[in-house]
Each structure stands twice: as C-alpha cells, then as structure tokens.
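Welcome, and please open your viewer. We will go from the whole chain to a single residue, one selection at a time.

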Amino acid sequence: MTDHRTHLFEQHVPDFGTVRVHPLDPASDADVVHRWVSEERAVFWGMNGLTRDQVAEIYAHMAGLDTHHAHLVTVDGTPAALFQTYEPAADRVGECYDVRPGDLGVHVLLAPAGPDGPRPGWTSALLTAMTTYALRALDRRRLVADPDVRNTRAIARFERQGFVRGPAVVLPEVDVPDVYLPEKHAQLAFLERAVARP
C-alpha cells in the first residue's frame, strides 16, 4: 500500500517494512482509532463505550495542545499503532515522580493482529521505531510510560523493550473543562536513551 500522508519519521525495518510516524488526523483517522479503542483488549486505554464522534472530539482537543500529541503509526501504509507523546510536567504523571529535563511521556496502543495472526517480532519492531522517533527525532533523554498496574501484558512488553520498572503510583483524577480522567493506578517504567540506542 502506498502511503501519501505527511510523516514525521520513517524507519525501514528488515522483514517487516517501512514504519512511518504521522500526526494523527482526528477526523480522517477517527474510524480506525475508534475501532481499536472499542475492543475489549483496549479496556485500559479508557475509551471503551465512547462513540466515534466522542473519540474524534478527544483527539481534536489534543491536537490543539502544545504539550500532548497523538500519532498514527503505519507499516507500508497500513495503520499499525496509536502513539501518544506528552510533556510529563504538563500531565498528571508529573505529580507522581521527579520529572527530569529531557523526559517525554508515551502511551502506545497497538492495532489488532492482521488476518494472518500475530507475527513474531512485530511488536518489538514497532516499539523500536516509536522509541527511536521519540528519543532521537525529538531529542529526548528518557521516556516514561505509565500503564495501568493491571495491564501486565503492557508492562512486560515495555520491560522487554528495555524500560526499567519504576514505582507504582496513583495518578490523580482530572476533571476540568474538556477533559475528564478517572484516578489511575499506574506502573511507571523508564527508558534511557543510552539503553535504547547505546
């Protein structure tokens, strides 16, 4: 499939294809993102039960922020992941650990497996491209992830990628105009640039 969208980053991954990181388009990407976040496996993403329009509204709001960004990751033009980055000091996670200069928060939601089923090494290849974008293209020193403590698969996936487990914390509830986030019990994990790309 040819990929004509504007992209921020591109990396060819042998045996998998060309991974590109694009700015998420809240309107045109709403269908695919809504489909992903509505699946039971995405319950920890926190958007189960939302309509397509509600999902589009959330990402339209995010597109207006300087501190939080959503990206659609494609492989050879096919949507493969939702990747969000944010400034920890401008997020509730910043209340739960000592934010360092050069830190960048990340959230990752992978697309469901394709018709041929899971591919060995696929998740690692995607995460490597995303972390390379965040650390190198965005020139960050350290990434912080904050998966739900119950999301053991995500925690294990981050650890396999080189993230080091930090403290378990309680992210406070956020209830402001345009944004509501319930309290979240999260497992922090950190990836240093020197570890990701020695």
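The tour below starts with the overall view and then moves inside.

**Stop 1: the whole chain.** Please keep in mind that you are looking at a predicted model. Show the protein chain as a cartoon, and you can trace five helices and 10 strands. How does the radius of gyration fit a compact globule? A compact globule with 198 residues would have a value near 16 Å, and the protein chain has 16 Å, so the two agree.

**Stop 2: the largest nonpolar core.** Select Val73, Phe83, Leu126, Met130, Leu143 and Phe163, which touch the most other members of this 29-residue core. Next, highlight the elements that each supply at least two of the core residues: strands E1 (9-13), E2 (17-23), E3 (68-75), E4 (78-86), E5 (103-110), E6 (142-145) and E10 (184-192), together with helix H3 (122-137). Which element gives the largest share? That is H3, with eight residues.

Zoom in on Met130. Beyond residues up to four places away in sequence, Met130 touches Val73, Ala81, Phe83, Val108 and Leu110.

**Stop 3: Leu72.** Stay with Leu72, which sits in strand E3. Is Leu72 buried or exposed? Its relative accessible area is 2%, under the 20% cut-off, so Leu72 is buried.

Now show what surrounds Leu72. Leaving aside neighbours within four places in sequence, Leu72 is in contact with Arg5, Arg20, Val21, His22, Pro23, Leu24, Asp29, Trp36, Pro79 and Ala81. To finish, draw a distance between the C-alpha atoms of Leu72 and Val32: they are 40 residues apart along the chain, with a separation of 9.9 Å.

**Last look.** Of the contacts between residues at least 6 apart in sequence, 59% join residues at least 24 apart.

Notes: Residues numbered from 1 in each chain as written. Predicted model: local features only at pLDDT ≥ 70, side-chain atom pairs only at ≥ 80, totals over all residues. Heavy atoms only, no water. Core = buried A, V, L, I, M, F, W, Y, C linked by side-chain atoms within 4.5 Å. Buried < 20%, exposed > 50% of the residue type's maximum accessible area, 1.4 Å probe, protein only. Helix = DSSP H or I, 4+ residues; strand = E, 2+ residues; numbered from the N terminus. Contact = heavy atoms within 4.5 Å. Rg over C-alpha atoms; globule rule 2.2 N^0.38 Å.
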